[in-house]
Amino acid sequence: MISTVADFHREVAGRLDTLAQRAADGTFDPAVDLLVNALEAGGVIQAFGTGHSEAFAMEIAGRAGGLIPTTRIALRDVVLHGERSVADLEGATMERDPDIVAELLAASPLHPEDVFVIASNSGVNGSIVGLALAVKERGHKVIAVTSLEHTMAVPPKHPSGQRLADVADVVLDNLAPFGDATLTLGEKYGAGAVSSLTAAFIAQALTLGVTERMLAAGSVPPLYISANSPGGDEHNHALEERYRGRIRRSG
């Protein structure tokens with residue numbers, strides 16, 4: 001068990017080191033540019049992911065140390081803020097349905113200056129590609145976080161024949177292998193999925209990049225502090241008021 005965990009640690013650490021080097025080399029700069037430009041224009045950052053990639057959206061929107069002008073789009077929004085029933089959330093049907101996009105957008109508070117950050121390890125499911133295409137048609141910029149190894153190894157599922165990486169303005173590779181598992185246990189059992197860890201690192205790297213850019217420009221970055229620290233609620237609520245009706249924290 002100890003050696004297996006050590007092997008997994010090496011797999012994770014190697015990928016995080018590569019991502020850190022890419023950040024240092026400026027690979028993330030085009031994405032940071034889009035995020036900063038949107039915020040300076042009065043937009044907010046719209047984050048979307050399905051399945052385990054929803055964890056990426058949670059890293060971007062609504063957490064301590066994160067940017068306040070952010071919001072998270074989730075498939076359950078069509079139940080909480082639309083007309084779908086809870087039963088529709090069962091299984092992966094909605095995740096693969098390109099037609100769910102119209103309902104998602106109708107249930108989301110959007111502004112012309114908003115920028116979208118969409119995470120999907122495979123980058124091929126209908127809702128993921130459909131949302132990217134729909135918001136691009138509306139004039140929004142799209143940043144994709146995906147596994148290039150995985151997405152290029154599987155056929156697109158969207159009727160357009162496109163992958164998320166084909167649609168996005170900027171593509172960030174999460175460095176996950178095909179199938180996500182980094183280790184083979186026994187003769188054939190894959191385990192040690194890594195995409196959630198590398199995607200979380202990317203999310204925090206983008207947040208740091210935006211914060212540094214704003215500080216360098218003499219702006220005060222609108223960051224959350226922990227609600228469980230003294231003055232946290234007051235600080236956060238005051239800044240959230242600036243974006244009333246534009247950001248969503250429930251659901």
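Modeller: Leu 175 sits in the loop between strand 5 and strand 6. Bear in mind that this is a predicted model.

Colleague: Why does Leu 175 count as buried?

Modeller: Buried means under 20% relative accessible area. Leu 175 comes in at 17% relative accessibility, so it counts as buried.

Colleague: And what makes the phi of Leu 175 worth a remark?

Modeller: Its phi is near 65 degrees, a positive value in a residue other than glycine. Most residues other than glycine have a negative phi.

Colleague: What about Asp 180, buried or exposed?

Modeller: Asp 180 has a relative accessible area of 9%, and the cut-off for buried is under 20%, so Asp 180 is buried. Asp 180 is also in the loop between strand 5 and strand 6, and its phi is near 80 degrees, again a positive value in a non-glycine residue.

Colleague: How do you know that strand 6 and strand 7 pair?

Modeller: Pairing takes at least two bridges, and strand 6 (residues 181-185) and strand 7 (residues 189-193) have 4 bridges, in the antiparallel sense.

Colleague: Last one: why are the buried residues of helix 10 said to be on the same side?

Modeller: The buried residues of helix 10 are Gly 232, Asn 236 and Leu 239. They cover an arc of only 70 degrees around the axis, so they lie on the same side of helix 10.

Technical notes: Residues numbered from 1 in each chain as written. Predicted model: local features only at pLDDT ≥ 70, side-chain atom pairs only at ≥ 80, totals over all residues. Heavy atoms only, no water. Buried < 20%, exposed > 50% of the residue type's maximum accessible area, 1.4 Å probe, protein only. Helix = DSSP H or I, 4+ residues; strand = E, 2+ residues; numbered from the N terminus. Arc of directions from axis to C-beta.
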